[in-house]
Amino acid sequence: MSYLSHFLTSLLSTIRDVLPIAIILFGFQLVILRKQIPNLRQILIGFVFVLLGLAFFLEGLEQALFPLGKLMAEQLTAPEFLGITDGGNGSWANYLWVYVFAFAIGFSTTIAEPSLIAVAIKANQVSGGAIGTWGLRIAVAIGVAVGISLGAYRIVTGTPLHYFIITGYILVVIQTLYCPKTIIALAYDSGGVTTSTVTVPLVAALGLGLANNIPGRNPLLDGFGLIAFASLFPIMSVMGYAQLSEWRAQRDKRSRSENERN
Amino acid sequence: MLESVRDLLPIIAVIAFFQLVILRQPIPDLGGLLIGTLLVVLGLTLFIHGLKVGLFPIGESMAHDFARKGSLFWLLAFAFALGFGTTVAEPALIAVADEASKVAANGGMIEKTEEAMQSYADGLRLTVALSVGLAIVIGVLRIIKGWPIQYLIVAGYVGVVTMTFFAPPEIIGIAYDSGGVTTSTITVPLVTALGVGLASSIQGRNPLTDGFGLIAFASLTPMIFVMGYGMIL
């Protein structure tokens, strides 16, 4: 019974999130465009699927994965586990498992992120299959993983956040000059889509755990910033993925033309 | 269903590995964990199906209709409403705004009373929602005019970096994070469908190069606006 009432609460909160969007969509459709919506029935069914799906998804995450993931982040950042109980900060190497966890959790939550799946499906359609859904998702996930581990390293060392972010921006701008023009918009987008339902709660727990336990860090100041890393690095990894695919395609072409000559 | 299982396999593997091998602890409440994982798989399957039959088609059909109607004003009004409306009620943003008000109160920027903190948090939420609305408007204008995205984004980066030097240090972390939290699971597919739909109904636009990019603006403008908010208050 408590399961059911808990699920109903998640369903209600999902409905509350979707309602303003539905009002805007149908309001503009009926008042401004003044047109019958084609396949209205099918679209409404789609909305119901989205609502139920999100409610189940969040409910399951909250019941199963979030508590365990958060507990794990706390245990991995506990002073006893890190070996910093004697008051010292320890060397950055004490935190090795924290970085490995940050990398693994960044990668795996991004693979499960529904909004990234949505963008990957669209990109695959629009590019006529040239951009593979899995290729894009893995590229983004690697970016998030690197971003989060670097963000954890920043909390450990206490370096100001904006040094990293500004350096990241400079790298993004340089990469933009050299990468295939068709991928630029998609790469910039993938920075924003990575961090939502699945990633944020787990990553926030990791950041707060680190900032709470490491001497000299203030959770309010240093606990933030992991999301910023997770939205910056996928831009680079997606452009890198495009550069790599282009380079390989060119190399194949070159070797093929050489073969023909021989 | 099978695909959703594959999507979730990495998380399960990571959690199991760290729990059993590194922390060497048994998994608490295995039954609850299995039920929860089943719910997640079911939810993801339903969501992806709903996306394909509901959210994508309506986003695209509205983009086509607006392009055919030819009224720039209403298209931009729709873009703003979509950006503002989906952000203002976003739960992640509400959480971040509350955190930010605590930081501000501790830093002595505002009074440490319930009311002052609430009004600070509400102001911040409105600021972010306005900035996302504006971002979608700029993004839609870019698709219509065919401006290359990188110039606008680089200008945005310059804006962020400049603001960083003048904003109070307490707000910087929150401002940078607010860029990432604004775009929710329902907004992203809709906005993507809108952009791709617009780019494919306007002549001379390529859905791949021009259709994407709306999300990028929506994650950039909040950083600038939140730092601005921190400077004014």
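Q: How many helices and strands are there in chain A?
A: Chain A has 11 helices and 0 strands. Keep in mind that this is a predicted model.

Q: How do the elements run from the N terminus on?
A: The order in chain A is α-α-α-α-α-α-α-α-α-α-α.

Q: What does the C-alpha trace of chain A span along its principal axes?
A: About 75 × 70 × 30 Å.

Q: And what share of chain A is buried?
A: Of its 262 residues, 54% are buried.

Q: What about contacts in chain A between residues at least 6 apart in sequence?
A: Of those contacts, 78% join residues at least 24 apart.

Q: What area is buried between the two chains?
A: About 8,200 Å² between chain A and chain B. Carbon and sulfur atoms give 80% of that area.

Q: Which residues of chain A lose the most area to chain B?
A: Lys122(A), Tyr169(A) and Phe224(A). Together they account for 8% of what the chain A side buries.

Q: Now helix packing. At what angle do helix 5 and helix 6 of chain A cross?
A: Helix 5 (residues 114-126) and helix 6 (residues 133-157) of chain A cross at roughly 135 degrees. Their axes come within 9 Å. The two helices of chain A are therefore oblique to each other.

Q: Which residues make that contact?
A: Helix 5 of chain A brings Leu116(A), Ile117(A), Ala120(A), Ile121(A), Ala123(A) and Asn124(A). Helix 6 of chain A brings Thr133(A), Leu136(A), Arg137(A) and Val140(A). By class, the contact between helix 5 and helix 6 of chain A has 7 nonpolar, 2 polar and 1 charged residues.

Q: Over to chain B. How do helix 5 and helix 10 pack there?
A: Helix 5 (residues 114-145) and helix 10 (residues 214-232) of chain B pack at about 140 degrees, with axes 8 Å apart. Helix 5 of chain B passes helix 10 of chain B in a right-handed crossing. Their contact has 17 nonpolar, 6 polar and 1 charged residues.

Q: One last residue. Is Gln175(A) buried or exposed?
A: Buried: Gln175(A) has a relative accessible area of 16%, and the cut-off is under 20%. Gln175(A) lies in helix 7 (residues 161-178) of chain A.

Q: What does Gln175(A) touch, not counting residues up to four places away in sequence?
A: Gln175(A) touches Met236(A), Met239(A), Gly240(A) and Gln243(A).

Conventions:
Residues numbered from 1 in each chain as written. Chains lettered and ligands numbered in written order. Predicted model: local features only at pLDDT ≥ 70, side-chain atom pairs only at ≥ 80, totals over all residues. Heavy atoms only, no water. Axes fitted to C-alpha atoms, helices over the stretch in contact; angles between N-to-C directions. Helix = DSSP H or I, 4+ residues; strand = E, 2+ residues; numbered from the N terminus. Left-handed = near helix turned anticlockwise from the far one by under 90°. Nonpolar A, V, L, I, M, F, W, Y, C, P; charged D, E, K, R; others polar. Buried < 20%, exposed > 50% of the residue type's maximum accessible area, 1.4 Å probe, protein only. Contact = heavy atoms within 4.5 Å. Parallel < 35°, antiparallel > 145°, perpendicular 65-115°, else oblique. Buried area = accessible area lost by both parts, 1.4 Å probe.
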